[in-house]
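Hi there,

Here is the structure I promised to send over. Have a look at it first, and then read on for my notes.

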Amino acid sequence: MKYLDEYKNQGAAEQISKQIKLLSDKLYVKDKKINIMEVCGSHTMAIARYAIRELLPENISLISGPGCPVCVTDTGYIDAAIELAEKGVIITTFGDMINVPGTKKTLAICRSEGCKVEICYSPLNAIEIAEKNINKEVVFLAIGFETTMAPNIAMLEIASKKNLKNISILTAFKLIPPALEALSMDPEISIDAFLCPAHVSAIIGVKAYEPFVQKHKIPCLIASFEPVDIMLGIQGILQQLADKDPHLENQYARVVKYNGNEIAQQLFNKYLEEYDASWRGIGKIPKSGLKLKKEFAYFDASAKHDVKIAVGKPNKACRCGDVLKGKINPSECPMFAKKCTPMNPVGPCMVSSEGSCAAYYKYLRK
Amino acid sequence: MLKNIQLAHGGGGKLSAELIENEIVSRFGEGPLKGLPDAASLDEINGKIIFSTDSYVVQPIEFEGGNIGNLAVHGTVNDISVAGGKAKWLSLALILEEGLEIKVLRRILDTIKKSANECGVKIVTGDTKVVAKGQCDSIYINTSGIGEALPEFNLSRHFIKKGDKILVSGNIGDHGMAVLASREGINIENGPKSDTGTVHRLVQSAYKYAKDVRFMRDPTRGGVATVLNEAVSNTEIGVLLESSKIPLDPGTSAIAELLGIELLNVACEGRMLLIASPEATDKILTDWKKLPEGKNAAIIGEINADKERVSIKTITGGIRLVDVPMGELLPRIC
């Protein structure tokens, strides 16, 4: 299959593996690890699925960052979605959200109790549902980073054109560049390089990382999700470190352009404005979220249905925050694979299929 | 001429009789069903009896590569086959939703007839009920099957030994992805096509080496990952799969990649897994490859001493766990 098999080529993977070993030997310093953070949940999942971490030399450590939208979504958001469902609104959502524990229950439990919760593969499914249920209110759970924001906002454009009045979105949009900034400023974490997300970058473009890289002088490399892409990305980062030449590198040029997706960016500017968003396990990060502008309040489920997103109280024993910041590996959390499993998740990193804990549980648990 | 199923088609009156006569008896009315007795009287069977039942609620009822009808025949016949049996008789119970188009029902019944003929089984008894609109989704089918045991087979997961090899009869995950693609309206050129089909010839072809065959199963719901995890649970053995050896259809892989779905967790409806001694698997593979349903068969891994653990060597050369799927991956695929 063209454009997929090439990036899953066994021979290529073996060659890159050798190069990584050579570079890591060059960079070897006793008791010092090189920490590379993959920011995106899809990278986390692919790294686990293709067992890439296991292949790396001992002095190279991959840390999973906060790049899973479900994971960084606050408990209060789930509670608000449940409140909407119980008010009789039809909730439409990507599948991952339905098992995320709110304060009292999950959307899956709500559904079993008779609430309407529909799983979508695209925000456009929500439009179809709204058209079929013209006398009911439909809310799409609009969480995610720049990648998912694009189809979400495009959906609002379509709803506007169709003059659909019974659809709105409950937003928890988050931005990647401010998160990179916050993680680099955190004195408790030491990150030597970032493996930057693929699809987010396709939207925001290479240019979005420039201020960050200029300020922090840290290797940032944009790579895709296929195993060969990721390994090549790690090799590229190690090369930058070996050459002492940290810079911004785009290895996913077959998709990611310098300016990104300008149509998406224009839509964001039209509908959304920045605010200081709260990240589950991390806290408030300045200007790290986008919400609907006041003039589009009729699309804002929170305003339209008078539902507040309160700051949630996560389980105290849950160490998802430390996992999200890359301070600990999932298996170092005392609840991992014991009290907290994908069937009975305590923290969000276990519930989302892109969460670090779920990836460890699924592919790497001993 | 009515176009749709009416409640009265299940009411026991004239319309019921017409439906049974025109649609059921015309297709299956020979043999034990002749004269529509309340129960089938069957011939004696040699040796042990193998008996299995399954209900079919797939949605959509027609999908690329098949429909609920062939699924209902293949599913039950395959369960009997991989239990080491030769299926002989099937019951056929239909639950129809008021309003179902009669031409759709006819298509399904035609498929049932064709599939039963291919599998060498007879429909010997049955039932038809109609429920009001909204009380079921178009059509539900139950089939139960009776078969005779092939006596040389002595199958149990507890007989699996370290060094045994794992054989799969064809591409994995095609059925689950075809149903998903149909349901979600994902239309791509050369997209996934259900593998719904029969494995009885594969089982009969492996019978030559019956003494060396330890375990057979059709990887339906939960896919290959679930079958293998169940096979090694509470034992001293484990499994190592080789990802590059697993046969995959490119269209199915494309959709799975697009949706981030792991094909090891996706259902097949016309494939089987077989675990046997290394010498036997080589020979069975050669024989399978001569059958159309076994042309993509492959040895995909082997049994090791990694207690209760199913792992896979990925294309990067790293090894990771193959877990069972969590739950609602693809509801109502069979």
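**The sheet in chain B**

Chain B holds an open sheet of 7 strands with mixed pairing, in the order β8-β10-β7-β11-β9-β12-β13. Its edges are β8 (213-217) and β13 (319-321) of chain B; each has a single partner strand, so one side of each is left without a neighbour in the sheet. On average, neighbouring strands are turned by 25° against each other, direction ignored. Please keep in mind that this is a predicted model.

Within that sheet, β7 (residues 165-168) and β11 (residues 298-304) of chain B run antiparallel and are joined by 4 bridges. If you want a residue pair to click on, L167(B) has I299(B) in β11(B) as its bridge partner.

**Two packed helices in chain A**

How do α1(A) and α11(A) pack? Their axes are 9 Å apart, at an angle of about 25°. Angles under 35 degrees count as roughly parallel, and α1(A) and α11(A) are therefore roughly parallel to each other. The crossing of α1(A) past α11(A) is left-handed. On the α1(A) side, the contact includes A12(A), I16(A), I20(A) and L23(A), while α11(A) contributes, among others, V228(A), M231(A), L232(A) and L238(A). Sorted by class, the residues of this contact are 12 nonpolar, 5 polar and 1 charged.

**Where the chains meet**

**Two domains in chain A**

In the contact between them, 27 residues of domain 1 of chain A meet 19 residues of domain 2 of chain A. On the domain 1 side, α2 (41-49) and β2 (60-64) of chain A each supply at least two residues. Which element gives the largest share of that side? It is α2(A), with 5 residues. By class, the domain 1 side has 14 nonpolar, 9 polar and 4 charged residues.

Happy to talk any of this through.

Best wishes

Terms used: Residues are numbered from 1 along each chain as its sequence is written. Chains are lettered from A and ligands numbered from 1 in the order in which they are written. This is a predicted model: local features need pLDDT of at least 70, side-chain atom pairs count only at pLDDT 80 or more; totals for chains, interfaces and linings use all residues. Two residues are in contact if their C-beta atoms, placed from the backbone, lie within 7 Å. Ala, Val, Leu, Ile, Met, Phe, Trp, Tyr, Cys and Pro count as nonpolar, Asp, Glu, Lys and Arg as charged, and the others, Gly among them, as polar. Two strands pair if DSSP finds at least two bridges between them. Axes are lines fitted to C-alpha atoms, for helices over the stretch in contact, and angles run from 0 to 180 degrees between N-to-C directions. Angles under 35 degrees count as roughly parallel, over 145 as roughly antiparallel, 65 to 115 as roughly perpendicular and the rest as oblique. A crossing is left-handed if the near helix is turned anticlockwise from the far one by less than a right angle, and right-handed if clockwise.
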